[in-house]
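Student: I've got a fold open on my screen. Can we walk through it together?

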Amino acid sequence: VTFARQGFETEALIKVGKDQNSKEILEFLRKEKVVPIPIFDKKRGTAYSVILISPDGERTILNYRGASRDLFLSEVPKKDFKVDCAYIVPGAIDVSVVTAIIKKLKRNGVLIAMNPSKHYIDLGVKKLKPIFDNLDVIILNRDEGAVLTGVKFEDEKGIFKKFDKLAHGLAVMTDGPKGVMVSDGKTIYRAGIYKEKRVADRTGAGDSFGSGFVAWLLSQVSGV
C-alpha cells in the first residue's frame, strides 16, 4: 500500500485462505490500487492478528499465521520478475524458497529489500548469509539486531557495527522513539522521530518506515 500510494505500479504476492478474510484483503488491496497475486491455501485460513494495546501505545500481538506460514516454490507464479524493486517480508516461509526467488530477482537487476521476520532472525547469521549477500537493503529493529549479532541490547554501537558488516548494501536499524540508523558501509546516518503529542498505537510503525524508506530509494532511481 505504501508503494502504491507513492505512485508506483505495485503487485503483492501473498498466500491466503479461501475465506471471508481473504476476500476483504483482496478487495482492500485493489481499492488501494495494488494488484494482488494471491496463492490460495485450501486447508488453512487467512492469517490474522489480535492486538492488545496498553495506555502508552505499546502492544502485545497474538498471531495466527495460517496460510501465510509457508510457500512452496511450485506455487510461485512463473513470472519473469522483471520489476524495479522487490520488498520481501518472509514470515516463516522456508529459506530455500526465499533464496531461490531472490536469486531470480538478482539476475534481473532488481533492487531487493528485506525486513526479516523473527523466524528468520532466529535462524542465525550462517543460514541467512546466502540471502543477505544478495540484498540491497536490510531493515531490522534493535531487538532483532541484538539477537542476530549476539550483542547485548544495551550496546547500540556494538550491535550496529556487526550488523553493518553483515549487510552488503544498506544496513537499517530502527530503535523506536530514538529513531533510526542507516549505514552504506562508509557513513552512518541517524534520524530522529517527530515529537508525539499523544501515542494511540505504534503497531505497524516499523513496517511503515521500512516501506517508506525503500519507496524513497526507488524514487531516486526511477524519478517518480
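Student: Which residue just after helix 3 takes a positive phi?
Tutor: Glycine 109, with a phi of about 70°. Helices here are DSSP runs of H or I, at least four residues, and strands are runs of E, at least two, numbered from the N terminus. One caution: this is a predicted model, where local features need pLDDT of at least 70, side-chain atom pairs count only at pLDDT 80 or more, and totals for chains, interfaces and linings use all residues. Residues are numbered from 1 along each chain as its sequence is written, and side-chain values use heavy atoms, with hydrogens and water left out.

Student: What end-to-end distance does helix 3 have, and what should it span?
Tutor: Its end C-alpha atoms are 18 Å apart. The expected span is 1.5 Å times one less than the number of residues. Helix 3 has 13 residues, 95-107, so 18 Å should be its span, and the two agree.

Student: Which of its residues are buried?
Tutor: Val95, Val97, Val98, Thr99, Ile101, Ile102 and Leu105. Buried means under 20% relative accessible area, exposed means over 50%, and partly exposed is in between (1.4 Å probe, protein chains only).

Student: What covers them?
Tutor: The cover includes strand 5 (85-88), strand 6 (111-114), helix 4 (118-123) and helix 5 (125-132). Contact means heavy atoms within 4.5 Å.

Student: Which residues touch the most other members in the largest nonpolar core?
Tutor: Val98, Ile102, Leu105, Ile131, Phe132 and Leu135, out of 35 residues. Helix 3 gives the largest share of this core, six residues. A nonpolar core is a set of buried Ala, Val, Leu, Ile, Met, Phe, Trp, Tyr and Cys residues joined through side-chain atoms within 4.5 Å.

Student: What does Ile131 touch?
Tutor: Leaving out residues up to four places away in sequence, isoleucine 131 touches Val95, Val98, Thr99, Ile102, Met114 and Tyr120. There is also a second, separate core of 15 residues, including Phe8, Leu170, Val182 and Phe213.

Student: How do strands 5 and 6 run, parallel or antiparallel?
Tutor: Parallel, joined by four bridges. Isoleucine 88 has methionine 114 of strand 6 as its bridge partner.

Student: And strands 9 and 10, parallel or antiparallel?
Tutor: Antiparallel, again over four bridges. Methionine 181 has arginine 190 of strand 10 as its bridge partner. Their hairpin has four residues between the strands, and glycine 185 there takes a positive phi near 95°.

Student: Is lysine 33 buried or exposed?
Tutor: Exposed, because its relative accessibility is 70%. Serine 22, in helix 2 (residues 20-31), is buried at 2%.

Student: What does the serine 22 side chain reach?
Tutor: The backbone oxygen of aspartate 19, at 2.8 Å. A polar contact is a pair of N or O atoms within 3.5 Å; within protein, one must be able to donate a hydrogen and the other to accept it, and residues adjacent in sequence count only if both atoms are side-chain atoms.

Student: Last one. Where is aspartate 136?
Tutor: In the loop between helix 5 and strand 7 (137-141). Aspartate 136 is partly exposed, with 24% relative accessible area. A polar atom of its side chain lies 2.8 Å from the backbone nitrogen of isoleucine 112.

Notes
Pairing = 2+ DSSP bridges.
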